[in-house]
Amino acid sequence: MQNPEVFILAIESSCDDTAAAVLHNGKVLSNVVANQLIHNQYGGVVPELASRAHQQNIVPVIDAALRKANVQKEQLSAIAFTQGPGLMGSLLVGTSFSKSLSLALNVPLIAVNHMHAHILAHFIDEEGYDKPEFPFLALTISGGHTQIVKVNSFFDMEIIGETTDDAVGEAFDKSAKILGLPYPGGPLIDKYAKEGNPKAFPFTKPKVPGLDFSFSGLKTAILYFIQKNKQQNPNFIEENLTDICASIQHTIIEILMDKIKLAVKETGITQIAIGGGVSANSGIRNTLKETESKYGWKTFIPKFEYTTDNAAMIGIVGYQKYLSNRFETSAVVSKARIEF
């Protein structure tokens, strides 16, 4: 019989957001995130600055999460934290704090794979959101990852397709940089794409065998396209920004959907879930939702706040691991790259 009073404190510090959440039996009581705006002026995340900011933010963020949840430290059943993948300096801050707190409170320590958490965020108890049934296909799309994962159970996942070079989030951000948009540029491409014509400028889709992806060639094609047209018209970007963004986004979505269709064909699985920061993209969300009536798939799109890096998704994995007694000792270490 499962314990009706399982309180998990979850800590996420894999990149540039310091996050903490408190979950009670799979339900989120609080989910607090401190963003690091300092990176915007550099056009990307600076690892050293990120780890310093985590050190400043981690205590206030955890304190805020506990207060918002109205939970005392003494009530906690376990501490869950992001072990990897991510920036090593950032991971170390969360890992070290989690180890210390676990030891001080004498509660179990639970290590979580960040990418598993993006997938299993769908199992957070959230009103109005269905949970997928095993097995299902997960499309994990972020700044550092693009994967199709066959999810057989909470702890049995298999990558059946992944990027051979750049991740989809990088393709969005680098395309935005080429257009002169500020960092992070992916959300801005999504914003402008809503007002543009997605068929205005056709870009060639890369030919990659099987279920794998490639985005480096598309980035290069976009760069040459912009350079060529700016030579002919220096105001080309300003005069065509919405159409350019719509065309870039349309191409990227087609690349993703082509591979998902192939994965469905090969596996026979028609339940599709998306996760990761890029799953916040409205074009991707809408296109996936359309497949329900178009192909008869069942799709699962997470609540917006569970798409970008957050601690609630770490907490739901922590909860499932707690129920299975999958705990770590204080010898556990952070891993910038971690076996899936």
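**Figure 1. A salt bridge joins Glu-126 and Lys-303 in this predicted model.** The side chains of Glu-126 and Lys-303 meet with 2.9 Å between N and O; a salt bridge is a side-chain nitrogen of Lys or Arg within 4 Å of a carboxyl oxygen of Asp or Glu. The two residues belong to distant parts of the chain, 177 residues apart. Glu-126 lies in the loop between helix H3 (114–120) and strand S6 (136–141), and Lys-303 in the loop between strand S10 (298–300) and helix H9 (312–323). Helices (H or I, at least four residues) and strands (E, at least two) are DSSP runs, numbered from the N terminus. Lys-303 is partly exposed, at 25% relative accessible area; buried means under 20%, exposed over 50%, and partly exposed in between, for a 1.4 Å probe and protein chains only. Residues are numbered from 1 along each chain as its sequence is written, and side-chain values use heavy atoms, with hydrogens and water left out. Because the model is predicted, local features need pLDDT of at least 70 and side-chain atom pairs count only at pLDDT 80 or more, whereas totals for chains, interfaces and linings use all residues.

Figure 2. Side chains of opposite charge can pair when their charged atoms come close. Asp-63 is partly exposed, with a relative accessible area of 37%, whereas Arg-67 is exposed, at 57%. By the rule for salt bridges, the model has 11 of them.

**Figure 3. A salt bridge connects Lys-219 with Glu-170.** The closest N and O atoms of this pair are 3.3 Å apart. Lys-219 lies in helix H6 (residues 216–232) and Glu-170 in helix H4 (residues 168–178), so the bridge ties together parts that are 49 residues apart in sequence. Lys-219 is buried, with 14% relative accessible area, while Glu-170 is partly exposed, at 24%. Through shared partners, salt bridges join Asp-166, Glu-170, Lys-174 and Lys-219 into one network.

**Figure 4. The largest cavity is lined by six nonpolar residues.** On a 1 Å grid over the protein atoms alone, a cavity is a set of points where a 1.4 Å probe fits but cannot get out, and lining residues have an atom within 4 Å of a point. Grid points are joined across faces, edges and corners, and a volume is the space filled by probe spheres set on the points. The whole structure contains one cavity of 30 Å³ or more, and the largest cavity holds about 40 Å³ of space. Its lining consists of Leu-139, Ile-253, Leu-256, Met-257, Ile-284 and Leu-288. Helix H7 (236–267) and helix H8 (282–295) each give two or more residues to this lining, and H7 gives the most, with three. No polar and no charged residues take part; Ala, Val, Leu, Ile, Met, Phe, Trp, Tyr, Cys and Pro count as nonpolar, Asp, Glu, Lys and Arg as charged, and the others, Gly among them, as polar.

**Figure 5. The second largest pocket has a volume of about 460 Å³.** Of its 22 lining residues, the closest to the centre are His-250, Ile-253, Gly-283, Thr-287 and Glu-290. A pocket is an open set of points with protein on both sides within 12 Å along at least five of seven lines. Helix H5 (186–193), H7 and H8 each supply at least two residues of the lining. By class, the lining has six nonpolar, eight polar and eight charged residues.

**Figure 6. Aromatic rings pair in the model, with 13 such pairs counted.** The rings of Phe-134 and Phe-136 have their centres 5.8 Å apart and their planes at 25°, so this pair is stacked. Rings of Phe, Tyr and Trp (its six-membered ring) pair if their centres lie within 6.5 Å; planes under 30 degrees apart count as stacked, over 60 as edge-to-face and the rest as tilted. Phe-134 is partly exposed, at 29% relative accessible area, whereas Phe-136 is buried, at 0%. Ring pairs link Phe-123, Phe-134, Phe-136, Phe-154 and Phe-155 into a cluster.
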